[in-house]
Amino acid sequence: MPKNKKESCVLCGRDIKDINVIEGKDGFVCSDCVHIANDHFIETEKDKEKEKQANIKVEKPSKIKSMLDKYVIGQDDAKKILSVAVYNHYKRITTIVDNKKNKNIKNAAKENSKKDLGDFDNFEVEIEKSNVLLIGPTGSGKTLLARTLARFLDVPFAIADATTVTEAGYVGDDVENILLRLIQNADGDISLAEKGIVYIDEIDKIARKSESTSITRDVSGEGVQQALLKIIEGTVASVPPHGGRKHPHQSNININTSNILFICGGAFIDIEKSIAERSQQKGLGFAAIVSNMENLDYANLMKRVTTEDLVKFGLIPELVGRLPVVASLNELDEEAMMLVLTEPKNALLKQYKKLFEYDKIDLDITENALRLIVKKSIEQKTGARGLRSLLEIIMLDIMYECPDKKDISSYIIDEDYVSEKLAMPKIENK
């Protein structure tokens with residue numbers, strides 16, 4: 001050992017006798033200091049990652065829509081509305097003046113007796129949050145739009161089903177459990193979760209049964225709407241750390257929902273009839289549209305949906321007021337469904353091709369076979385959501401057998417095979 005090398009830890013100074021040390025060129029470091037240093041570096045890296053994630057990149061609406069076009073087929077109007085809403089929301093978050101600075105301005109204004117209240121009010125303009133309501137048939141892309149937005153913005157995302165939530169005090173989930181999923185998806189980082197996106201599906205299923213106030217409890221309807229009001233508008237919510245019901249003897253997680261973007265979605269079945277009736281009664285010139293209630297022009301009518309229509313359907317006015325941005329999605333036709341199968345970056349056909357590539361098998365499905373799958377999905381009224389389940393039925397035997405057949409390098413699924421699996425007649429040649 002060199003004479004100038006101290007026989008003690010260079011960090012804590014303890015004698016190296018009777019402790020574990022790491023010897024370096026000029027001295028020793030004890031095991032305890034090594035662990036402390038390791039923890040320090042881990043926490044430093046975590047802080048850097050959190051800081052990186054907290055800096056949300058605000059993209060222009062045109063770029064957001066362009067990105068959505070790569071993953072979601074059609075629905076141009078809805079994508080445009082959503083792109084603007086998301087841009088404004090995150091622009092609002094990233095440009096909010098520091099609270100401390102605001103407080104100092106207020107204090108200075110209060111101390112200045114020469115300024116009247118009107119002058120004080122002009123110091124700052126508070127931009128309110130604009131949550132979004134998506135209306136469209138099952139499988140039209142509501143959830144996909146919300147999920148794709150969150151992925152593109154790189155913010156935490158959570159999906160909740162409104163029908164699983166009940167009013168406080170009744171069997172079911174509290175509304176705060178919706179926020180717990182967001183916190184979990186942010187890996188427990190509250191500040192990051194407070195900039196996330198929550199998608200609440202089936203919001204139309206908690207509509208109250210009539211426009212008049214009921215004297216009986218509607219624990220999964222109007223009561224839930226009332227419970228959702230505060231967290232959607234913005235409040236400091238108290239969330240049970242392990243889910244379930246809150247009780248007084250547990251330590252809850254506090255999360256501010258003021259900057260969380262809430263996107264609610266629902267099918268709102270037959271609301272177009274209400275819009276048509278209202279339009280006809282007010283003489284707005286839609287006689288051609290409403291003359292046959294069984295064959296309404298859904299796309300045109302949904303562009304005219306108002307607060308009045310949503311309240312008549314069963315949403316309480318307070319909740320509608322907290323969802324100021326409304327976008328409607330149209331039912332996908334056959335050609336759009338064909339594109340859903342083949343065109344987006346994560347198209348279903350591309351996913352299955354990739355799965356087969358892992359087994360070094362080239363998969364191909366003929367156009368007529370794909371059209372049969374689309375026709376079956378339209379027949380079942382499941383929209384694009386039903387395509388995957390149909391493909392799973394078709395692919396099951398092939399995916400089960402192919403890994404064992406080393407001599408197979410390609411597989412073509414034709415119309416005959418699909419027709420047999422789905423019990424459907426083949427497409428007639430025109």
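How are helices α18 and α19 oriented to each other: roughly parallel, roughly antiparallel, roughly perpendicular or oblique?

## About the model

This is a predicted model, in which local features need pLDDT of at least 70 and side-chain atom pairs pLDDT 80 or more, while totals for chains, interfaces and linings use all residues. Residues are numbered from 1 along each chain as its sequence is written, and side-chain values use heavy atoms, leaving out hydrogens and water.

## Two crossing helices

The axes of α18 (residues 385–401) and α19 (residues 415–422) come within 10 Å and cross at roughly 110°. The two helices are therefore roughly perpendicular (65 to 115 degrees) to each other.

On the α18 side, L390, I393, I394, D397 and I398 take part, meeting Y417, V418, K421 and L422 of α19; contact here means heavy atoms within 4.5 Å. By class, this contact has 7 nonpolar residues, 2 charged ones and no polar ones.

## Aromatic rings

Let's turn to the rings. Searching the whole structure gives 1 aromatic pair (ring centres within 6.5 Å). The centres of F268 and F313 are 5.0 Å apart with planes at 55°, so the pair is tilted, meaning neither stacked (under 30 degrees) nor edge-to-face (over 60).

F268 lies in the loop between β8 (261–266) and α10 (271–281), and F313 in helix α13 (residues 307–313), so the pair ties together parts 45 residues apart in sequence.

Notes. Phe/Tyr/Trp six-rings, centres within 6.5 Å; stacked < 30°, edge-to-face > 60°. Helix = DSSP H or I, 4+ residues; strand = E, 2+ residues; numbered from the N terminus. Axes fitted to C-alpha atoms, helices over the stretch in contact; angles between N-to-C directions. Parallel < 35°, antiparallel > 145°, perpendicular 65-115°, else oblique. Nonpolar A, V, L, I, M, F, W, Y, C, P; charged D, E, K, R; others polar.
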